[in-house]
Amino acid sequence: MSWLPYQLEEVPCDSCGRTESRQVIIRPDGMCVVECTTCGLAYLNPRPKADQIRLFYDDAYFGSGAKKAGVGYQTYSHESLSAVHKATGMNKLDVIGSRIELEGKRALEIGCATGEFCQVLYKRGCSVVGVDLSKEVIELAKARYPHLDLRPGDLQSAVRDDKFDVIFAWEVVEHVTSPEGFVAEISQRLSPNGYVVLSTPNYACAKHVQPSRWAGFQYSFEHLYFFDRRALENIGSHHGLRHVISYSGGGAGLVPAPQRFRSFVRKVLSSTGTLRAVRQLRAAANPPGIGYSAGREDQHNLIIILQHDSGRVARN
């Protein structure tokens with residue numbers, strides 16, 4: 001995917017408003033990722049204009065049409081993956097379950113896609129609302145889960161003045177044109193002492209493994225922002241949200257080696273009789289279903305829990 005100059009715009013740091021930054025990497029799609037030298041937020045600059053960004057989220061985004069290179073999910077909406085999405089949702093709740101009591105709570109999922117996580121919340125005793133920008137994927141979700149309250153649109157159009165005890169946004173904040181505005185809207189829809197649970201690719205992992213080796217810069221070219229714990233904690237604090245805990249998991253985030261190179265390595269190891277031993281060592285170091293830990297911050301994905309602090313005044 002390539003962009004013409006008239007389709008792009010220069011933007012300041014969304015968190016602190018400053019324009020001073022340093023270049024982090026040029027992605028394979030030709031877009032430049034910079035890091036604010038004042039607050040450390042990483043973002044695309046220049047980036048596609050708003051009317052161009054909307055083109056990312058057409059009917060092909062969840063796999064129902066021709067997929068754009070490096071954008072969207074090729075088979076996300078296929079019914080055969082529904083069980084996988086539910087299992088992923090249950091795993092996420094297992095991570096945060098010790099911190100948030102869900103039964104009887106009113107919950108919102110932003111970016112609910114095909115609705116599996118909303119169904120998991122429903123099974124945990126929540127009153128659930130799910131919203132997604134894609135009308136097509138909401139229609140599919142409603143067909144699968146007609147008992148759920150699933151709505152097409154964004155927070156402003158689909159949720160309005162509703163209040164929630166817990167708001168979830170899995171892998172959403174990196175897509176929005178203003179993380180500050182997004183978190184501000186979430187804060188306004190929280191009940192007193194309510195929780196926000198966000199997940200996103202972890203920019204701290206890019207710094208740990210080097211930007212050129214991090215998968216977060218090699219795929220998902222619709223991503224506009226890149227966060228570590230500090231950046232999200234900082235944005236939350238602007239809107240009356242205090243950091244509760246954050247988790248890092250999902251593996252090292254390294255780009256897989258080219259297939260040809262991997263085949264060559266396998267042949268060499270096999271010829272020396274060490275292939276089995278190397279595989280055992282790798283399996284021990286990276287077990288299936290790599291879990292999340294609050295004790296480290298360098299893994300590929302980040303989950304952060306913020307809580308509405310009724311005693312704090314949000315920034316205007």
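A: Two strands pair if DSSP finds at least two bridges between them. Helices (H or I, at least four residues) and strands (E, at least two) are DSSP runs, numbered from the N terminus. This is a predicted model, where local features need pLDDT of at least 70 and side-chain atom pairs count only at pLDDT 80 or more, while totals for chains, interfaces and linings use all residues. Residues are numbered from 1 along each chain as its sequence is written, and side-chain values use heavy atoms, with hydrogens and water left out.

Q: OK. How many residues sit between E2 and E3 in their hairpin?
A: Five, and Gly-30 in the turn has a positive phi of about 90 degrees. The pairing of E2 (residues 21-26) with E3 is antiparallel, over five bridges. Ser-21 stands opposite Cys-36 in E3.

Q: And what does E3 do with E4?
A: They run antiparallel, joined by three bridges. Val-34 has Tyr-43 of E4 as its bridge partner. These two strands also make a hairpin with five residues between them, and Gly-40 in that turn has a positive phi of about 90 degrees.

Q: Is E3 buried or exposed?
A: Buried, meaning under 20% relative accessible area; exposed is over 50% and partly exposed in between (1.4 Å probe, protein chains only). Five of the five residues of E3 (residues 32-36) are buried, so the strand is largely enclosed by the rest of the structure. Cys-32, Val-34 and Cys-36 are on one side, Val-33 and Glu-35 on the other.

Q: Switching to the sheet with E10 in it. What's the strand order?
A: E8-E7-E6-E9-E10-E13-E12, an open sheet of seven strands with mixed pairing. E8 (149-152) and E12 are the edge strands, each pairing on one side only. E10 and E13 pair in the antiparallel sense over seven bridges, with Val-196 opposite Leu-306 in E13.

Q: Which strands does H6 lie across?
A: E6 (106-110), E9, E10, E12 and E13. H6 (residues 179-188) runs at about 145 degrees to E10. Contact means heavy atoms within 4.5 Å; axes are lines fitted to C-alpha atoms, for helices over the stretch in contact, and angles run from 0 to 180 degrees between N-to-C directions.

Q: Now H2. Which of its residues are buried?
A: Ser-82, His-85, Gly-89, Leu-93, Val-95 and Ile-96. Seen down the axis of H2, they fall within an arc of 150 degrees, so they line one face of the helix. That arc is taken from the directions from the helix axis to the C-beta atoms. Ala-83 and Asp-94 are exposed, on the face turned away from the buried side.

Q: What covers that buried side?
A: Among the elements covering the buried residues of H2 are H3 (116-123), H4 (135-144) and E9 (164-170).

Q: Last topic: how many salt bridges are there?
A: The structure holds 14, each a side-chain nitrogen of Lys or Arg within 4 Å of a carboxyl oxygen of Asp or Glu. Glu-9 and Arg-47 meet in one (3.7 Å, N to O). Glu-9 lies in E1 and Arg-47 in E5, so the pair ties together parts that are 38 residues apart in sequence. Arg-47 is buried at 8% relative accessibility, whereas Glu-9 is partly exposed at 29%.

Q: Which residues make up the network?
A: Arg-106, Asp-149, Arg-151 and Asp-162 are linked by salt bridges. Between Arg-106 and Asp-162, the closest N and O atoms are 3.4 Å apart.
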